[in-house]
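Thank you all for coming; I would like to walk you slowly through one model today, and please have the sequence and the picture open while I talk.

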Amino acid sequence: MNLVSLSLAGLRGNRLTHLLNSVLLGLGLGTITLMLLVSGAIGDRLTRDAHGIDLVVGAKGSPLQLVLSTVFQADIPTGNIPLAELDTLLHNPMIDHGAPLALGDAVKGFRIVGTTPDYLDFYGAKLAQGQIWQQPMDAVLGATVAVRLGLNTGDSFVGAHGVAGNGEMHEGSPYHVTGILAPTGSVVDRLVLTPVESVWLVHEHHHRQDPDAGHDVTAVLLHAKTPLAIVTLPFQINSQTNYQAAVPSIEAARLFSTLGFGLATVRAFAGILIVSAGLGMLIALTTRLRERRRELAMLRLLGATPRQLFVMVVIEALLLAGLGAILGLAFGHLAAWAMEALLPAGDAMTVMDLHARASEWLIPALALGVGLIAAIIPAIAAYRTDVAAALAGSHD
Amino acid sequence: MTVLAISNVRYTYPGRLPISFPDCVLEAGAVAALVGPSGSGKSTLLMLIAGLLKLQTGHIEVAGKAVETGPGAAGDRLRSRSIGMVLQSFQLLPRLTILENLTVAQFLAGRPADHTLALDALEALGIADLAHEIPGRLSRGQVQRASIARAVVNRPDLILADEPTSSLDDAAADGALDLLIGESRKRGAALLIATHDSRVKRHVPTIVALATGKAK
């Protein structure tokens, strides 16, 4: 027997009310948990996918759209730029290396990206099996694509028009899988990579384009030689050419601040749930305490000190808060799991890794804080239990 | 050995007339009844002895130690270790088992929970088989026995009983008093019973009458 078992015994009354308050607290904390997982995963993804990419050059339009569509593969491209521009950019003395991107098709939700082997270097992607493409219409699959589509080296598949892959099928232009990449934890896992020429060939067949007409690419990803180049090059390109240069780190920060408003709204909603749960707990503990006045008086008669009664009520609140924290973490991870399971396979969101994060220590801390605040008033009331009045009802 | 000594005690509730209590001394193993009509101060004196009401004037000693002049840690310690309580209407903690009701008394007295000792106390009162039942499942007589077992489990020097026989029929009242008196004598504890039940007088050699303020 100790104060914890006494507190547990105290909670045996009004079990349903206590459980519902813990569930309510769990819902609020679950929302916060999910928010921590999502915002952490978004942050990770923005950092990982943009790693080493200092600049993106593409058609004029929204710089955020350009970065989203080419670095994060999460939006529609702004347009195309002529292939000739690629050489000019790659030979710029301020540029260390770069890779072109040609977008336009997808297979079952996974984008087909025309590029060069330099693109793999941005992500340190290595082949898990097979080999890199040798000729047009060869394809290398990201790890997730291979698993989800059940494709192996030597298999063939056809793409569909449009980056969402919901357009007409390019039946006459099958791709041949030559290699599969090892998982990188980046956007590459969800891409089908092929030489840029594949994209041109498919669309020449499809649109019966003049093979001698000049080719385009969607954008060029660049790694600058110096930090100064990241500042000066965009200015030069934006003012002197018909194209635009966007800085992924700046656009990612802008995106995060836009998302931040949404996250703040969710946080406020979660805050309301948590405050409601705290109030519910306070009311339940106070009401229960009134009903238990005689029990507390009995404990005092048996020798309990006022401090022990105070601590007993605090432990009761902390036990309820602890249950709320466990439920909150469970709800949050369950919701994250459901999000991953239910979102479309190639969707930008599902590239996020919603694993447990160190920042989740906040959940039990928040729960215990709410429990302590809710316990203060009833614990003081317990401390002040008037034994004589509680047992006698009236003085004799 | 003197277990309880009361001298010159007076208590005044706000806005009421003062209550004067007769001087009283109880030796180890002695049994006394504190009798008087409702409002005469029986429960008040029990609370003063237990250190749960602030002593305004006079002096009370339990087992050779002065009861502090108000509720405090020393009073709580004295109460948990030297005094056993048997109450009228709220005999046991309803959400704990009978055994837990005894071990909680041990815990609050600062002693380790000793199941053997607690079961011995229950065995002595013939209810060891009910150790794991909650009070709500017991008959009134069984609850009474469990309450007595809890009062004696810490081997107190003094047992205070507040109206233990009220709402009991004659046979049950006789049985409860026999048990209470028998257990306290067996353990060498002094027993003070606060009651307005005249049946108690048949069992108790010493009567402290509050109405007259004299011990007979």
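This is a predicted model: local features need pLDDT of at least 70, side-chain atom pairs count only at pLDDT 80 or more; totals for chains, interfaces and linings use all residues.

**Where the two chains meet**

Between chain A and chain B, four residue pairs are in polar contact, with both residues at pLDDT 80 or more; a polar contact is a pair of N or O atoms within 3.5 Å, where within protein one must be able to donate a hydrogen and the other to accept it, and residues adjacent in sequence count only if both atoms are side-chain atoms. On the side of chain A that touches chain B, the elements giving two or more residues are α1 (3-11), α10 (293-301), α11 (306-342) and α13 (387-392) of chain A, where helices are DSSP runs (H or I, at least four residues) numbered from the N terminus. The largest share of that side, six residues, comes from α10(A).

Residues are numbered from 1 along each chain as its sequence is written, chains are lettered from A and ligands numbered from 1 in the order in which they are written, and side-chain values use heavy atoms, with hydrogens and water left out.

How many residues of each chain are in contact at this interface? There are 27 residues of chain A in contact with 35 residues of chain B, contact meaning heavy atoms within 4.5 Å. The two chains bury about 2,700 Å² between them, 65% of it on carbon and sulfur atoms, and buried area here is the accessible area (1.4 Å probe) that two parts lose on being put together, summed over both.

The chains also share two salt bridges, each being a side-chain nitrogen of Lys or Arg within 4 Å of a carboxyl oxygen of Asp or Glu. In a salt bridge between the chains, the side chains of A:Arg300 and B:Asp76 meet at 2.8 Å, N to O.

Turning to chain A itself, A:Glu251 forms a salt bridge with A:Arg254, with the closest N and O atoms 3.4 Å apart, and both residues lie in helix α9 (residues 248-291) of chain A, three residues apart, about one turn of the helix.

Finally, a word on confidence: chain B averages a pLDDT of 85, and 94% of the residues score at least 70, pLDDT being the predictor's confidence in each residue, from 0 to 100. The model scores ipTM 0.85 and pTM 0.72.
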